[in-house]
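Thanks for sending this one over. Here are my notes, point by point, to read alongside the model.

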Amino acid sequence: LNIPHVWTEGIEMDVRWEEYTLWDFPGQMELYPSHRLFLACETAVYVLVVNGRRGDLARCMQQLYKWLSLIRSGMREGGNQVVARIVVTHTDALLPDSRSALLLNVHERARTLFGNHFDFGERCYVTLYECSDGCDVDDIRTELVRLRSVLPQNRQLPASYQAICDEVVTMAREIPQWPVVPLTSIDWREQQEQALPCLQDLGFVRQTTDKLILEPVTWLS
């Protein structure tokens, strides 16, 4: 199959599922610093998708280790296990026995390395182009709906995001002249001395000595 690869730019959100808001995080390394602000929420469910094209366990675990380590870095010490489910894709060319062995080994290895901090469920899931229903696609959704019914409804802030919020509040109290203002209070046309630095920090514009350059935004700040 000659299917073009479509990059995820920024964080794509999908609210088609009544039970969830889906956040699709891109995998480019340069975007990881901003990911930490939104990951490691104990009441979220993480669907970790890995490429099992060659049936290579080490390659699958390398992909998993990258994401699990990132989520783990934002978790608070002594917190509950975070719920995650693993989906292995691109296994259509593997023999059925090899595919089954790969799914089993990935699941067991993930539990061995990260089982103290993550709940990976009973098995890995697989997607197959040769199946009209995508193979485990319906099973994944059924499992996610089940999890939503048993997980607590309160939405805790990720630890790293909460730490930044606390630091901003502390600085604002210690330095009264520090310009902490909500974005909605800025008059973007009249108060350019406030608006331009804010837009530059967000990555929307770049100011040179004689011009203002609009930047294409491909990440979430």
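1. His-107 sits in helix H3, which covers residues 96-114; helices here are DSSP runs of H or I with at least four residues, strands are runs of E with at least two, and both are numbered from the N terminus. Please keep in mind that this is a predicted model, where local features need pLDDT of at least 70, side-chain atom pairs count only at pLDDT 80 or more, and totals for chains, interfaces and linings use all residues. Residues are numbered from 1 along each chain as its sequence is written, and side-chain values use heavy atoms, with hydrogens and water left out.

2. His-107 counts as buried because its relative accessibility is 5% (buried is under 20% relative accessible area, exposed over 50%, partly exposed in between, with a 1.4 Å probe and protein chains only). Leaving aside residues up to four places away in sequence, His-107 touches Phe-120, Gly-121, Glu-122, Arg-123 and Cys-124, a contact being heavy atoms within 4.5 Å.

3. How does the length of H3 check out? Its 19 residues should span 27 Å at 1.5 Å a residue, and the end C-alpha atoms are 27 Å apart, which agrees (the expected span is 1.5 Å times one less than the number of residues).

4. Along H3, the buried residues are Arg-99, Leu-102, Leu-103, Val-106, His-107, Ala-110 and Phe-114. They lie on the same side of H3 because they cover an arc of only 125 degrees around the axis, taken from the directions from the helix axis to the C-beta atoms. Asp-97 and Thr-112, on the other side of H3, are exposed. The buried residues of H3 pack against H2, strand E4 (82-89), strand E5 (118-119) and strand E6 (125-126).

5. Now the aromatics: the whole structure holds three aromatic pairs (rings of Phe, Tyr and Trp, the last by its six-membered ring, with centres within 6.5 Å; planes under 30 degrees apart are stacked, over 60 edge-to-face, the rest tilted). Phe-118 and Phe-120 are stacked, because their ring centres are 5.8 Å apart and their planes meet at 25 degrees. Phe-118 counts as buried at 2% relative accessibility, and Phe-120 counts as buried at 2%. One aromatic cluster is formed by Tyr-65, Phe-114, Phe-118 and Phe-120.

6. Finally, a look at Ser-69, which belongs to helix H2 (residues 57-73). Ser-69 counts as partly exposed, at 25% relative accessibility. A polar atom of the Ser-69 side chain lies 2.7 Å from the backbone oxygen of Tyr-65. Ser-69 and Phe-114 are 45 residues apart along the chain, with 8.9 Å between their C-alpha atoms.

Key. A polar contact is a pair of N or O atoms within 3.5 Å; within protein, one must be able to donate a hydrogen and the other to accept it, and residues adjacent in sequence count only if both atoms are side-chain atoms.
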